Structure formats: C-alpha cells, structure tokens
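Visitor: Could you walk me through this one, starting with the helices and then moving on to the sheet and the rings?

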Amino acid sequence: MNNKELVTNLSKRLGWSNQEVSDMLTGLGSVISSHLVDNDTIYFPGFGQFEVKKKAERVSVNPANGKRYLVPPKLAPVFKPGTTLKNKLKELPSHE
C-alpha cells in the first residue's frame, strides 16, 4: 500500500477529506519523529511501539577490495509489534 492508497482508505473510514487525512498523517509522523529524537518510546495499544536502539560499532569488509572498516555506533529507530498485531498475523494463512 502506498501513501495515496493509505490516505484514500483512511479518508473513507473516517469520513474525512483526503487533505485532512494527509495533514493528520504528516502531523503524526512529525510527532513520532520528534519524540524518537528525544529518545522517547511511543506506544500504540494493540499495534506496537516505536523506540530508539543503540547499535554497537562493528567491523565491515568491502567485498571489492577486501579492506576492513570500523563502522561507528549509531542510533536507529526500531518498531516492536504488539501482542494483538502478532496474533492477527499468526492467524493469516501462509502463502508458501
């Protein structure tokens, strides 16, 4: 699902205009981003939580020339699905 499909789907469900939904999603992204920058955790009941994790430094190898590089530690956003979402995904038929 792309952004346009998401906005259209939400506007139908909420009875809002596409512009209102688009503005709401932009605001939601801005709020989530600002809280993650402040190292806060954002929890959506039944859906999951967004948090920031520190990734340790590591050694990487360039496959083209075989040189080893030290990749410094960094902060990365992480999403952990909630129990309700996990259970719903387990109920889906597998597509093997």
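Visitor: What is the handedness of the crossing of α1 and α2?

Guide: The crossing of α1 and α2 is right-handed, a crossing being right-handed if the near helix is turned clockwise from the far one by less than a right angle, and left-handed if anticlockwise. Helices are DSSP runs of H or I with at least four residues, strands are runs of E with at least two, and both are numbered from the N terminus. This is a predicted model, in which local features need pLDDT of at least 70 and side-chain atom pairs count only at pLDDT 80 or more, while totals for chains, interfaces and linings use all residues. Residues are numbered from 1 along each chain as its sequence is written, and side-chain values use heavy atoms, with hydrogens and water left out.

Visitor: At what angle do the axes of α1 and α2 cross?

Guide: The axes of α1 (residues 3-14) and α2 (residues 18-37) cross at roughly 115 degrees and come within 9 Å; axes are lines fitted to C-alpha atoms, for helices over the stretch in contact, with angles from 0 to 180 degrees between N-to-C directions.

Visitor: And which residues meet there?

Guide: With contact meaning heavy atoms within 4.5 Å, Asn3, Leu6, Val7, Thr8, Leu10 and Ser11 in α1 meet Asn18, Val21, Ser22, Met24 and Leu25 in α2.

Visitor: Switching to the sheet, in what order do the strands come?

Guide: The order is β1-β2-β5, in an open sheet of 3 strands with antiparallel pairing, where two strands pair if DSSP finds at least two bridges between them. The edge strands, each pairing on one side only, are β1 (42-44) and β5 (74-81). Between β1 and β2 (residues 48-55) there are 3 bridges, and Tyr43 stands opposite Gln49 in β2.

Visitor: Where does α2 lie relative to the strands?

Guide: Helix α2 lies across β1, β2 and β5, running at about 135 degrees to β1.

Visitor: Now the rings: which residues form the aromatic cluster?

Guide: The cluster is made of Phe44, Phe47, Phe50 and Phe79. Rings of Phe, Tyr and Trp (its six-membered ring) pair if their centres lie within 6.5 Å, with planes under 30 degrees apart counted as stacked, over 60 as edge-to-face and the rest as tilted.

Visitor: Is Phe79 buried or exposed, or partly exposed?

Guide: Phe79 counts as partly exposed because its relative accessibility is 32%, given that buried means under 20% relative accessible area, exposed over 50% and partly exposed in between (1.4 Å probe, protein chains only). Phe79 and Phe50 form a tilted aromatic pair, 4.9 Å centre to centre with 50 degrees between the planes. That pair links Phe50 in strand β2 to Phe79 in strand β5, 29 residues apart.
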